[in-house]
Amino acid sequence: EASKAGAMDLEELATAQEGGIEARLLVSQEVCAEKYRRELPNPSNETTFNYAWALIGSRSHSDIENGIEIMRSLRGNAFSIVDCLYYEAVGHFRCKRTKEARDLVLQLLSCTPACRQAISFLDMIDDRIATEQLLGVGSTAALSLILCSLVMLALWRRR
């Protein structure tokens with residue numbers, strides 16, 4: 001299964017908003033970044049993965065984007081493809097790119113169909129997509145109602 005020793009569970013990593021989690025993430029980011037810098041110019045795949053994982057857990061959009069790119073490059077190097085797919089999907093999910101997240105989780109599930117964590121994550125993504133679609137339909141309906149009201153008002157005034 002896509003999991004990392006000591007990793008937070010899915011909801012915590014996906015939202016990362018509680019104070020204790022945020023403090024752990026900051027420490028983790030600092031530790032991983034320092035180790036990554038020490039190993040430059042050729043950090044190990046494991047150090048690079050841990051650094052990317054910490055970036056994806058950040059509240060900073062640019063850190064999350066950097067983490068996604070690092071995971072993508074690791075995946076290209078065939079380093080723990082399942083874990084890279086999973087955390088890259090988490091990064092996209094946190095950046096509210098549900099289609100990309102869903103595509104990556106489906107790709108992960110094609111490699112490991114019994115991965116419960118990925119199945120659970122796919123359900124979470126599908127829930128968000130359904131919510132976004134409902135909001136979109138509601139917004140469209142409200143806009144249509146306003147537009148119809150304005151047209152009727154304009155026609156009524158012409159009389």
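Helices are DSSP runs of H or I with at least four residues, numbered from the N terminus. The legends below describe close-up views of a predicted model.

View 1. Helix α2 covers residues 19-39, and glutamine 29 is one of its residues. With a relative accessible area of 13%, glutamine 29 falls under the 20% limit and is therefore buried. Its side chain forms a polar contact with the side chain of serine 58, at 3.3 Å. Leaving aside residues up to four places away in sequence, glutamine 29 touches Ala54, Leu55, Gly57, Ser58 and Asp63.

**View 2. The packing of helix α3 against helix α4.** Helix α3 comprises residues 45-56 and helix α4 residues 61-76; their axes come within 7 Å and cross at roughly 150°. Because angles over 145 degrees count as roughly antiparallel, α3 and α4 are roughly antiparallel to each other. The crossing in which α3 passes α4 is left-handed. On the α3 side, the contact is made by Asn45, Thr48, Phe49, Tyr51, Ala52, Trp53, Leu55 and Ile56. The α4 side contributes Asp63, Ile64, Asn66, Gly67, Ile68, Ile70, Met71 and Leu74. Sorted by class, the residues of this contact comprise 11 nonpolar, four polar and one charged. Two of the residues named here, Leu55 of α3 and Asp63 of α4, are also among those touched by glutamine 29.

**View 3. Tyrosine 87 in helix α5 and its distance to isoleucine 68.** Tyrosine 87 is located in helix α5. Its relative accessibility is 1%, so tyrosine 87 counts as buried. In sequence, tyrosine 87 and isoleucine 68 are 19 residues apart, while their C-alpha atoms are 7.7 Å apart in space. Isoleucine 68 also belongs to the α4 side of the contact between α3 and α4.

**View 4. The packing of helix α5 against helix α6.** The axes of helix α5 (residues 81-94) and helix α6 (residues 98-111) come within 8 Å, crossing at roughly 165°. This angle makes α5 roughly antiparallel to α6. As α5 passes α6, the crossing is left-handed. Helix α5 takes part in the contact through Val82, Leu85, Tyr86, Glu88, Ala89, His92 and Phe93. The partners from α6 are Thr98, Glu100, Ala101, Leu104, Val105, Gln107 and Leu108. Nine of the residues in the contact of α5 with α6 are nonpolar, three are polar and two are charged.

Key: Residues numbered from 1 in each chain as written. Predicted model: local features only at pLDDT ≥ 70, side-chain atom pairs only at ≥ 80, totals over all residues. Heavy atoms only, no water. Buried < 20%, exposed > 50% of the residue type's maximum accessible area, 1.4 Å probe, protein only. Polar contact = N/O pair within 3.5 Å; in protein donor to acceptor, adjacent residues only side chain to side chain. Contact = heavy atoms within 4.5 Å. Axes fitted to C-alpha atoms, helices over the stretch in contact; angles between N-to-C directions. Parallel < 35°, antiparallel > 145°, perpendicular 65-115°, else oblique. Left-handed = near helix turned anticlockwise from the far one by under 90°. Nonpolar A, V, L, I, M, F, W, Y, C, P; charged D, E, K, R; others polar.
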